[in-house]
Amino acid sequence: MDMCGFPKNIYYYYQSWWTDKDVLHISPHWNWMDKMGQPIDVWVNSNADNIELFLNGKSLGKKEMPRNGHLQWRVLFEPGRLEAIAYKKGKKLVSKIETTSLPTEVVLTPYKTTILADGSDATVINISVVDRDGREVPDADNMIRFSLAGAGKIIGVGNGDPSSHEPDKCADGAWQRRLFNGHCQVIVQGSNKPDMIKFEASAPGMWKGSTDIISVDPAEVAIITKDNTYELKGEAAMPRSVDKMIGADISFLPELEAGGMKFYDNDIEGDAIMILKAHGFNYVRLRVFNDPSHPKGYAPSKGYCNLEQTKMMAKRVKKAGMKLLLDFHYSDYWADPGKQYKPATWEGKSFKDLKKEMYDFTRNVILELKSQGTTPDMVQIGNEINHGIIWPEGNVQHPDQLAQLIQAGTAAVKSVEPTVIMMLHVALGGQNHESVSFIDQMVARDVHFDVIGESYYPKWHGTLDDLRDNLTDLSVRYNKDIIVVEYSQLKDEVNKISFEVPNGRGKGSCIWEPLSTWEKIFDSNGKTNALILRYDEYNKQFIK
């Protein structure tokens, strides 16, 4: 690795022969537009038995991998995709690199987004840029400028270039660093004041990147206060086994259908849920808001994702013979690490009353679903809650109150159906330090959960290696099952990692809004595309 911890090519050579990980890595990048038709030395590091290299689908030859060595091809450059397919003891491995276009967006990947407000704790933020197709641009050298608001400061920058003469420290208001091999790095330190720190990175002609960092009073973390009002007992407190999941969050479906969208598979019109099932999906995830019809809610006057809409969708899911994961947002609007807005009708409540409101609302939703024969199989209390729920009381800056709110919601679910599986969902796919810190705090406060759910979007949550290492550690550390409960890109890689967590702890994945969003599996006319066929294979490989 270089001085910023960015892997060099030799990193993958050592991984090939000094670890038991499946390694297949192509180097260098494939952005050589100034060398059109000229030979490029391509190295492949791997611990596979043999490797075949392809350029734009054409084989460049298959070679056996020498022990403690690497493979090399001399390839005439043409833009497109360079792909390696390898076999290791019969298991297929695939790796690819592509010619990218110019960068259009700055991407931030923080090491952690929650720090202690002790004047010394800090977080490292890695910076990269992606093109219009979301591909990281590996040869970018743009100048990136940084700004910060809140109780914190930038204390250093770098890019791993040993020949760089740029300063590692800059005057306040003038922080910047040039990308080297497409990357640079910033260190942000908090103060002694708990706060929400807003960090931005920008470059001319690109969309800005930003992230929120919450600093927490160390005293609030150290002191643990419990409320036994919503303590689970008996059958409700028993752990529950978790089935394997190939899931999809399709909460947008009623909106899409209301807009006239129809869905087709092999040019035959069908129900979107049934099409998903036919291609290997076995779970549907639905989000529910408190009052999305509120003027400041998710769907003013329309009510999408309210209880009645959720009940109708739940009937369709169960009729299709699929399982249901219910995602409580506890807000009239979107809830995620950057915002956890309190429902309007809960404003002004005491904390005791707020817990009661949460219990009553949750219990009513589950009762309504159970009464129509659509009890959820799995429930998550809050969405991406590593920064808390129902701010400000449930902000992660107040871990005791956050835990008590989760317990109130959990107790409400269990009071209706004690066998429901409970998920703890955080948006920290590759951020192990923060995952552990958050879950440790919840475990210390007796929060009940059966499965850990992680969101993984590469632009925010690190590399695939980060994801694999984090899931492995969490499964062992807490003796819990793991699901990647939100993702979109890198479908093959994410599913492989999520199902292959050691000791059978990997229980699968749930793609976010694949009907219409990001790397979707239907086209804009509602017709299935080639991506949906991958799920047939995932089902054969990981479920059956």
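This is a predicted model: local features need pLDDT of at least 70, side-chain atom pairs count only at pLDDT 80 or more; totals for chains, interfaces and linings use all residues.

Biologist: Which atoms come together at the start of α12?

Modeller: A side-chain oxygen of Asn529 and the backbone nitrogen of Leu531. The oxygen reaches to within 2.9 Å of that nitrogen.

Biologist: How many residues does α12 have?

Modeller: Helix α12 has 14 residues, 530-543. From first C-alpha to last, α12 reaches 20 Å, close to the 20 Å expected at 1.5 Å a residue.

Biologist: Which residues of α12 are buried?

Modeller: Leu531, Ile532, Tyr535, Tyr538, Asn539 and Phe542. An α-helix has 3.6 residues a turn, so residues three or four places apart point the same way.

Biologist: What covers the buried residues of α12?

Modeller: The cover includes strands β17 and β28, plus helices α4 and α11.

Biologist: New topic. How many salt bridges are there?

Modeller: The count comes to 42. One of them joins Asp249 and Arg285, with the closest N and O atoms 3.0 Å apart. That pair links distant parts of the chain: Asp249 is in strand β17, Arg285 is in strand β20, and they are 36 residues apart.

Biologist: Is Asp249 buried or exposed?

Modeller: Buried, because its relative accessible area is 0%, under the 20% cut-off. Arg285 is buried too, also at 0%.

Biologist: Which residues are linked with Asp249 in a network of salt bridges?

Modeller: Arg285, Arg287, Asp327, Glu486 and Glu513.

Biologist: And which residues make the nonpolar surface patch of about 370 Å²?

Modeller: Ile10, Tyr14 and Trp18 make that patch. Ile10 lies in helix α1 and is partly exposed, at 42% relative accessible area.

Key. Residues are numbered from 1 along each chain as its sequence is written. Side-chain values use heavy atoms; hydrogens and water are left out. Patches are made of residues with over 30% relative accessible area and no salt bridge: like charges are joined within 9 Å, nonpolar side chains (Val, Leu, Ile, Met, Phe, Trp, Tyr) within 5 Å. Accessible areas come from the Shrake-Rupley method with a 1.4 Å probe; for residues, only the protein chains shown count as cover. A salt bridge is a side-chain nitrogen of Lys or Arg within 4 Å of a carboxyl oxygen of Asp or Glu. Helices (H or I, at least four residues) and strands (E, at least two) are DSSP runs, numbered from the N terminus. Buried means under 20% relative accessible area, exposed over 50%, partly exposed in between (1.4 Å probe, protein chains only). The expected span of a helix is 1.5 Å times one less than its number of residues. Contact means heavy atoms within 4.5 Å. A polar contact is a pair of N or O atoms within 3.5 Å; within protein, one must be able to donate a hydrogen and the other to accept it, and residues adjacent in sequence count only if both atoms are side-chain atoms.
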